[in-house]
Amino acid sequence: MVPASEHGISPDRIDRNVRQILARLDGAGFEAYLVGGCVRDLLLGRAPKDFDVATAARPDEVRALFPRSRLIGRRFRLAHVRAGREVFEVATFRAGHEAGAAGPGGMLLHDNVYGTREEDAVRRDFTVNALYYDDRDGSVLDFTGGMADLDAGRIRAIGDPAVRYREDPVRMLRAVRFAAKLGFRIEAQTQAPIFDLSPLLEGVPAARLFEEVLKLFQSGHARESLRGIDRFDLLPRLYPETAESVRRDPRGRALLERALVNTDRRIAENLPVSPGFLVAALMWGPVRDRAETFGEGDRARGRGEALAAAADEALAVQAKRTSMPRRFSAMARDIWTMQPRLESRRPRRVDLTIAHPRFRAAYDFLCLRAEAGEPLEERAAWWTEAQGDGAGPDPAAERSHRRRRRRRTNRRNRAA
Ligand code: ATP
Ligand code: MG
C-alpha cells in the first residue's frame, strides 16, 4: 500500500460524482476503489479519460443501491451508474480464468467469475493498469508492482506474458497503445513473445479488432502507435493488403503517416475525427491498386466505376479481419469514388460537387494525397479556390447536411 503522502494524487482532481459513488458503496459496507486507467493517469499527473470503479458489491447489489443505474454487458455484467451528467462503470471484483475457462489455444472464453480484489488485480493486463485508489484515506493499493513500473516508464504484463497474450491476443495491441500514449517502453519479457504470437490476432473477432484499431489510431498518439505496430510487424495482421501495398509504394506509406499525424493534431485541438476518413486512408493503397487492375481508361467516369468496384472488393476482403459499422465503410467508399471527379482537369457540375455531403471529406483526402506526393497539388489548390468564391456550397444543402451529421453524431454517442 502506498499512503497518500507518498504519491501525488490530490482528491480534488477526482470527479466529485464518482467520489460520491465510492462513498455510497462504502457506506453500504462494500469495499470500493477507483481502478485502471484513471489511477494510472492521475499518478502521472494526466487528466483521466474516465473514472472506473471496482467493488466487492455484486451487480444486483450495485443496482439496488443506485436508482440511476442499469446492468449491462454480455461478456461480463457490470453496472452503469449515472451521476450528474455522466455515467460511471462500476464493476464487481472478478477472478481471472480458472481451469475450464480457457478454450483451444488458451483463449479466454468467459471471465465473469467474481473474486477478491487481489484476484481482480492479477486478471488485469499490465501492472500500471492494476492500481487501486482508496478514497477513504487516499492510499493506492499495488498488488503487482505497478508503482515501480509507472516510475520507470515500463509496460509490463501481469504474469507470464505469453500466457496472457494467448488468453487475449488484443493485449499485444494494448501494450503498443499504452506505450505510445504514455511514452513508456514495453519491458523486454513483455515484448519478447509478440513476434511469435502476433498471428493469434487473426483469431480475434473482427468487430473487436476494429474497435481496438480505432483506439490505437484515435488515442491522440496514432503516429507513435504506428511506430509500435511497425516494430512488431503487426500491420500485416490487421490490414494485410495495406501492409503489402505500402511495402511496395512509399507514397502509400506517406499518406498513412500524414493521415495519422493529422488525426493526432485534430484530437489535440479537440476537433472530431471520423473513423470513415481513417479507413479511407488506411485502405487507399489496396483500393487504388485494385482499381488499376480493373483496367479502365483515364476518363473520370470509367475510373470512378473501377474505384467503386475496387472499394467493394477491398472492403469485403478486409471485413474478414476488421469489421466496421456500415456508416464508416460507406463514408470511405464515397471518399474514394469522389476522387476522380476532383482529379479531373475539366470538372463538371462544380457547384453540385461542392454541395455533395461528402465533398469536404473527399477534398481533404485529395489534399492528403497531394501532401503524400501524388501529383495533385494543382488540383487541390483549384478546389480550394473553387470553394472560396461564388462557387461555394449551397447554403440549404449545407444546412441539411449539418443536421444529418448532428443526428448521426448523437447516435454514435448513444451507442458508445
Ligand atoms: P484508457 O485510458 O485508454 O481508457 P484504460 O486503462 O482505462 O485506458 P480500458 O480499455 O478502459 O483501458 O480498460 C480499463 C481497465 O480494464 C484496464 O486498465 C485494465 O485494468 C482492464 N482491462 C481492459 N482490457 C483488458 C484486457 N483485454 N485484459 C485484461 N485487462 C483488461
Ligand atoms: Mg478506460
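Analyst: A salt bridge is defined here as a side-chain nitrogen of Lys or Arg within 4 Å of a carboxyl oxygen of Asp or Glu. By that criterion, the whole structure contains 40 salt bridges. The model is predicted, so local features require pLDDT of at least 70 and side-chain atom pairs pLDDT 80 or more, whereas totals for chains, interfaces and linings use all residues. Residues are numbered from 1 along each chain as its sequence is written, chains are lettered from A and ligands numbered from 1 in the order in which they are written, and side-chain values rest on heavy atoms, without hydrogens or water.

User: Why is the pair of arginine 248 and aspartate 289 called a salt bridge?

Analyst: The N to O distance between their side chains is 3.6 Å. Arginine 248 belongs to helix α13 (residues 240-248) and aspartate 289 to helix α15, so the bridge ties together parts that lie 41 residues apart in sequence. Helices here are DSSP runs of H or I with at least four residues, strands are runs of E with at least two, and both are numbered from the N terminus.

User: What makes arginine 248 count as buried or exposed?

Analyst: The classes rest on relative accessible area: buried is under 20%, exposed is over 50%, and partly exposed lies in between (1.4 Å probe, protein chains only). Arginine 248 has 53% relative accessibility and therefore counts as exposed. In the protein chain of 416 residues, 50% count as buried.

User: Which parts of the chain does the bridge of glutamate 374 link?

Analyst: Glutamate 374 pairs with arginine 288, with the closest N and O atoms 3.8 Å apart. The two residues are 86 positions apart: glutamate 374 is in the loop between α19 and α20 (377-388), and arginine 288 is in helix α15. Both of these residues are buried. Arg288 and Glu374 also belong to a network of salt bridges, whose members include Arg248, Asp289, Glu343 and Arg369.

User: What describes the crossing of α15 and α19?

Analyst: The crossing is right-handed. A crossing takes that name if the near helix is turned clockwise from the far one by less than a right angle, and is left-handed if the turn is anticlockwise. The axes of α15 (residues 275-293) and α19 (residues 359-371) come within 11 Å and cross at roughly 40 degrees. Such axes are lines fitted to C-alpha atoms, for helices over the stretch in contact, and angles run from 0 to 180 degrees between N-to-C directions.

User: Which residues make up the contact between α15 and α19?

Analyst: With contact defined as heavy atoms within 4.5 Å, Phe277, Ala280, Ala281 and Trp284 of α15 meet Ala361, Asp364, Phe365, Leu368 and Arg369 of α19.

User: What makes the phi angle of asparagine 270 worth a remark?

Analyst: Most residues other than glycine have a negative phi. Asparagine 270, although not a glycine, has a positive phi of about 65 degrees. This residue is in the loop between α14 (250-268) and α15, and its 72% relative accessibility places it in the exposed class. Arginine 349 likewise has a positive phi, of about 50 degrees, and is found in the loop between α17 (326-343) and α18 (350-355). At 60% relative accessibility, arginine 349 is classed as exposed.

User: Why is asparagine 17 assigned to its accessibility class?

Analyst: Its relative accessible area is 14%, and asparagine 17 is therefore buried. The residue lies in helix α1 (residues 16-27). Neighbours within four places in sequence aside, asparagine 17 is in contact with Ala83, Gly84 and Phe88.

User: Which class does glutamate 61 fall into?

Analyst: Glutamate 61, in helix α3 (residues 59-65), has 32% relative accessibility and therefore counts as partly exposed. Beyond neighbours within four places in sequence, glutamate 61 is in contact with Phe30 and Ala56.
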